[in-house]
Each structure stands twice: as structure tokens, then as C-alpha cells.
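Reader: I would like a close look at a single part of this model, taken step by step. Please keep the wording plain.

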Amino acid sequence: MRERAGPWIASIHDDLTALFEGLDRGTRFTEDRWERTGGGGGVTRVMVDGATFEKAGINRSEVFGVLAPAAAARLGGTGVQNGETHFYATGVSLVIHPRSPMIPTVHLNVRYFELCDAHGAVTDAWFGGGTDLTPMYPHREDPTHFHRALKAICDAHHPGFHPRFKQWCDEYFANKHREGEPRGCGGVFFDHLRPTTDESALSLTSMQAFVDAVGRSLHTAYAPLVERHRHDPWGDEERHYQLLRRGRYVEFNLLHDRGTIFGLQTDARVESVLMSLPPLAAWEYAPQYAEGSFQARLIEMLRPYDWCAGA
């Protein structure tokens, strides 16, 4: 798997780059290649001040080396060695911050991970990833479309995937320091998905096919939302609330996100690790919103909900 994982992730990276350059309608990504001191490197593609996207980042990385004991324990892998734990990880990560508050923010990540002993023998290997939607305005039809598109992808690979991974996503993307306030309207999230030993019993080939489909899911799950709201009017009030919601997004990524924490613990390139942060965000002290306001309706919309059952 390690031999084909890098080219596979690169193909998803290129596919996503082409998708979002087309959706932006005016700006191309700049590319920055980097090397990691401990082993491996990656490619960061960033779009800043685009026609549609205020900031968009799509990273891929392929890194390897020795894990510190604390980092190895945090990963939750089996067969972690008492001595040196070696790792290999490759993945692609995307965060899109649209200029318009009417268009939701979206995140996607897929990855493959191995743990090895000091002699190179694989002690554990798994897939992880997912995608989630963070609306800034309460268009209920958006999470309905997003979740139904993801359910169709999940159901094509295993009937148990969508309910299992939707719940995992709802539980994961929450600001626990704010009494579990959801970051957005969820999606799907999975980690430690091991071929053959997972409860789905999928083979390595079938498991990779599912993760690949998630990696390319934004063509159907997200692109129609951009087109739907591209020309919606908005003003200062909507923009200010977008910046406040981005502030909550920043809080989650810096305090709770596993990918951010893993990158910082393994001496990954900081600019790439923090690529997910928006160009502008805002904070207010204990804001309050009138009942029925669009802000209050958005907060209500963020609670976990069976979007596939209807808006």
C-alpha cells in the first residue's frame, strides 16, 4: 500500500485543484513544495483573494520518521512500540473559505497511515478522513444536499458507513470548550479504518475505493452549493457574522483538530499545518441574537440533525 499511496493521494490533490480553480472563475492556486527535516515533504497549493474564494488551501504530504512517545500514544494505533515507533503518513487536506457569507465553508481530508517497528515491520495501518460543511447563513437546503450526496457515496460502499460516520462527525467537530457547540452542520468523519478488521470487513482495495470516493465527493456534494449562492446578495451584517463564525472555526482547529496537533507534534511545516485558518476572523464578548434573526436561526441549524430525512 505504501508504494501506491503517494501517487493515489497526488491524483486526488490534482482533482481537487482543478475543481476549485474552475469554481473560482478567475484565480489559480500558487504551489509551494517543501521538505520535512525528519523525512518526507509535501505540496501546498493556496489561492488568496480569488474571485469566489477569499482563501482556499489544498495540501498533500507524504512524511515518515520516528514518533515521540507522546505523539505515538495520541495516535491510538495498535502495536505501538515501547522503543522507537516509526511512522509513514500521506494525505490530502482541503479548506475553502468563500468570500460570500452565503456560500458555506467546506473542509475535506483523506489519509493513509502506517506504524512500524525499528526494523520496518508494519505493526498497524489504517485510513482516515472525511468532509464537513460549515454554513455562515441558514440555508437549510445546503446541508440537506450535502448530506444526501455523502449518503449516496457511503451507501455505494457499505450500508453502515453513513450513519456511523455522520454520528462520528457530529461528535468530533464540536468546540468542547464551548459546551460542545458544533463547528458546522457536519458530514462524515472516520479514523482508524483498518481493512479486513473493521466491522465493515472491506478488503484493502474496497476500503481504498471508499476513501477515494470521499476524497472526490465535493464534485457532487459541494460544487452545486457554490453555483446556487454565487450571486446571492449580502451586506455588512452578514459579513460580520461570517467573521464571528470563522472565529469559532479557528478555535476548533487550534484546540481540538487532530491533524493540526499531529502536524505540530511531528515538526511539519507550520505554514502548511495552519493553512486551514481563514484570512480574517472576529471575536465578540458573549454576543446575543434576537429570536428569529438569521444569526439565531443559524445557531439552531447547527445542532445535529438527520438532514437526509429532509430540511
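How many residues lie between S2 and S3 in their hairpin, and which residue in the turn has a positive phi?

Author: The model is a predicted one. There are 4 residues between S2 and S3 in the hairpin they form, and the residue with a positive phi in the turn is aspartate 49, at about 60°.

Strand S2 covers residues 40–48, and strand S3 covers residues 53–67. The two run antiparallel and are joined by 9 bridges.

Glutamate 35 has glycine 41 in S2 as its bridge partner. S1 and S2 form a hairpin too, with 4 residues between the strands. In that hairpin glycine 39 takes a positive phi, near 135°.

As for burial, a residue counts as buried when its relative accessible area is under 20%. In S2, 7 of the 9 residues are buried, so the strand is largely enclosed by the rest of the structure.

A separate feature is the largest pocket, with a volume of about 980 Å³. Its lining consists of 45 residues, and those nearest the centre are Asn109, Arg258, Gly259, Thr260 and Phe262. Sorted by class, the lining of this pocket has 18 nonpolar, 19 polar and 8 charged residues.

How values were computed:
Residues are numbered from 1 along each chain as its sequence is written. This is a predicted model: local features need pLDDT of at least 70, side-chain atom pairs count only at pLDDT 80 or more; totals for chains, interfaces and linings use all residues. Side-chain values use heavy atoms; hydrogens and water are left out. On a 1 Å grid over the protein atoms alone, a cavity is a set of points where a 1.4 Å probe fits but cannot get out, and a pocket is an open set with protein on both sides within 12 Å along at least five of seven lines; lining residues have an atom within 4 Å of a point. Grid points are joined across faces, edges and corners, and a volume is the space filled by probe spheres set on the points. Ala, Val, Leu, Ile, Met, Phe, Trp, Tyr, Cys and Pro count as nonpolar, Asp, Glu, Lys and Arg as charged, and the others, Gly among them, as polar. Buried means under 20% relative accessible area, exposed over 50%, partly exposed in between (1.4 Å probe, protein chains only). Two strands pair if DSSP finds at least two bridges between them.
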